[in-house]
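Dear colleague, the following note comments on the structure shown below.

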Amino acid sequence: AMLFFTKKLYDTKLAILAASLTGFSIIHLQFSRYAQVETILSFLYIAIIYFLWSMTENNGKYDFLLLGASLGLALSVKFTSVIMLVIAVAYLLYTRHIKLSIKPNFSISIQNNVLKALAVAFVMFMILWPFGLQRLHTEANITVDYGDVSRSQTVAADVPIMVMSFFRRIFSSVGEAVPHSLAMGTPVINYVLLYLTKEFMLIIPMIIAGTYIMIKKPLKNDKIIVFTVIMFILLLSLQRTNISYRHITPIIPFLAIVASRWIYFVRMQMRLIALIAVIFFIFAYISGPSYVLSFNPLKGLLGIEDS
């Protein structure tokens, strides 16, 4: 999927390099070994962004259907995939497939294919998670501080399971129960550092070079990759649960594309791609089977705790 996706957006050489970085990613290997859902989400996120790109750029006949199916599958696998739904809607606003207007009156215009895709996503989600609308009796104690006075109220209600899942992810927090260093306590920076310290150190100059090239010599299809990475990490930082490598896992294929974009501007591209792939393979092979214990020297230098 990674090779096909990147080849469609760019070309074969960049696709091979990005697929190698993804395939030999320590984080991906760690979660694949224990069959965690995050690596499955990587595939579904690639599908979502590919069909989103294809629908907005090529307007393929069945793109809306496949986009909706991918969104529905991702949401049914793990509810944090609501992040990808937000990204898709935001990108459709950017590409003017969804239009908002406030003057002279508020109005919203949504292209038919977008509505169809959202409908397919909802149907797919409900088929795979039919109990999502079932209600559970829930009681909550709410305390609000007004200056020196605290007011408490007990709320009891029957709440749909999917609503509980969503608000647990957004509003529940480990708070002070899990102390973090300054680096890990800084939103956005923490997840970037988790990725960079877990992988082979060569990924760092590659990410820097790829980012520089995307800024200085952007290509048309860079925008959806950059948009996805930035939006995902920003939205991920809003969640208040514990910071973990598993949360960054699904976006690794897109980070691999960023880390590969410089390849167009060097000589002997295929030889260099082969060399990089071999280096990452060797590092992954040496790190196994205890991938969970594998870190590069930056982890200790930055004081990053185990996550």
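1. Helices (H or I, at least four residues) and strands (E, at least two) are DSSP runs, numbered from the N terminus. With these runs, N59 is placed in the loop between helix 4 and helix 5. The phi angle of N59 is near 55°, a positive value in a residue other than glycine. Most residues other than glycine have a negative phi.

2. On the basis of the note: this is a predicted model, in which local features need pLDDT of at least 70, side-chain atom pairs count only at pLDDT 80 or more, and totals for chains, interfaces and linings use all residues. Residues are numbered from 1 along each chain as its sequence is written, and side-chain values use heavy atoms, with hydrogens and water left out.

3. M268 also has a positive phi, near 50°, and is a residue other than glycine. M268 lies in the loop between helix 13 and helix 14. With a relative accessibility of 57%, M268 counts as exposed; the classes are buried for under 20% relative accessible area, exposed for over 50%, and partly exposed in between (1.4 Å probe, protein chains only).

4. How many salt bridges does the count come to? A salt bridge requires a side-chain nitrogen of Lys or Arg within 4 Å of a carboxyl oxygen of Asp or Glu, and by this rule there are 4 salt bridges. In one of them the side chains of K78 and E38 meet, at 2.4 Å from N to O. K78 lies in the loop between helix 5 (63-77) and helix 6 (82-94) and E38 in helix 4 (residues 37-57), so the pair ties together parts that are 40 residues apart in sequence. K78 is buried at a relative accessible area of 18%, and E38 is buried at 2%.

5. E38 also meets R246 in a salt bridge, at 3.0 Å from N to O. This pair links distant parts of the chain, with E38 in helix 4 and R246 in helix 12 (residues 245-248), 208 residues apart. R246 is partly exposed, its relative accessible area being 27%.

6. A further salt bridge joins E57 to K220, with the closest N and O atoms 3.1 Å apart. E57 lies in helix 4 and K220 in the loop between helix 10 (203-216) and helix 11 (222-236), so parts that are 163 residues apart in sequence are tied together by the pair. E57 is partly exposed, with a relative accessible area of 27%, whereas K220 counts as exposed at 58% relative accessibility. Through salt bridges that share partners, E38, K78 and R246 are joined into one network.

7. Which residues of helix 3 (residues 26-33) are buried? They are I26, I27, H28, Q30 and F31. Their cover includes helix 2 (12-23), helix 4, helix 9 (189-198), helix 12, helix 13 (252-258) and helix 14.

8. S294 is placed in the loop between helix 14 (269-287) and helix 15 (298-301) and is buried, with a relative accessible area of 8%. Leaving aside its neighbours within four places in sequence, S294 is in contact (heavy atoms within 4.5 Å) with I26, K198, F283 and S287. S294 and I27 are 267 residues apart in sequence and 9.2 Å apart in space, C-alpha to C-alpha.

9. The structure holds 14 aromatic pairs. Rings of Phe, Tyr and Trp (its six-membered ring) pair if their centres lie within 6.5 Å; planes under 30 degrees apart count as stacked, over 60 as edge-to-face and the rest as tilted. Y50 and W53 form a tilted pair, 5.8 Å centre to centre with 40° between the planes. Being 3 residues apart in helix 4, Y50 and W53 are separated by about one helical turn, and both are buried. One aromatic cluster is formed by F4, F5, Y50, F51, W53 and F254.

10. A charge sits over a ring if NZ of Lys or CZ of Arg is within 6 Å of the ring centre and within 35 degrees of the ring normal. The charged end of K116 sits over the ring of F64, 5.3 Å from its centre. K198 lies over the face of Y245, at 5.2 Å from the ring centre.
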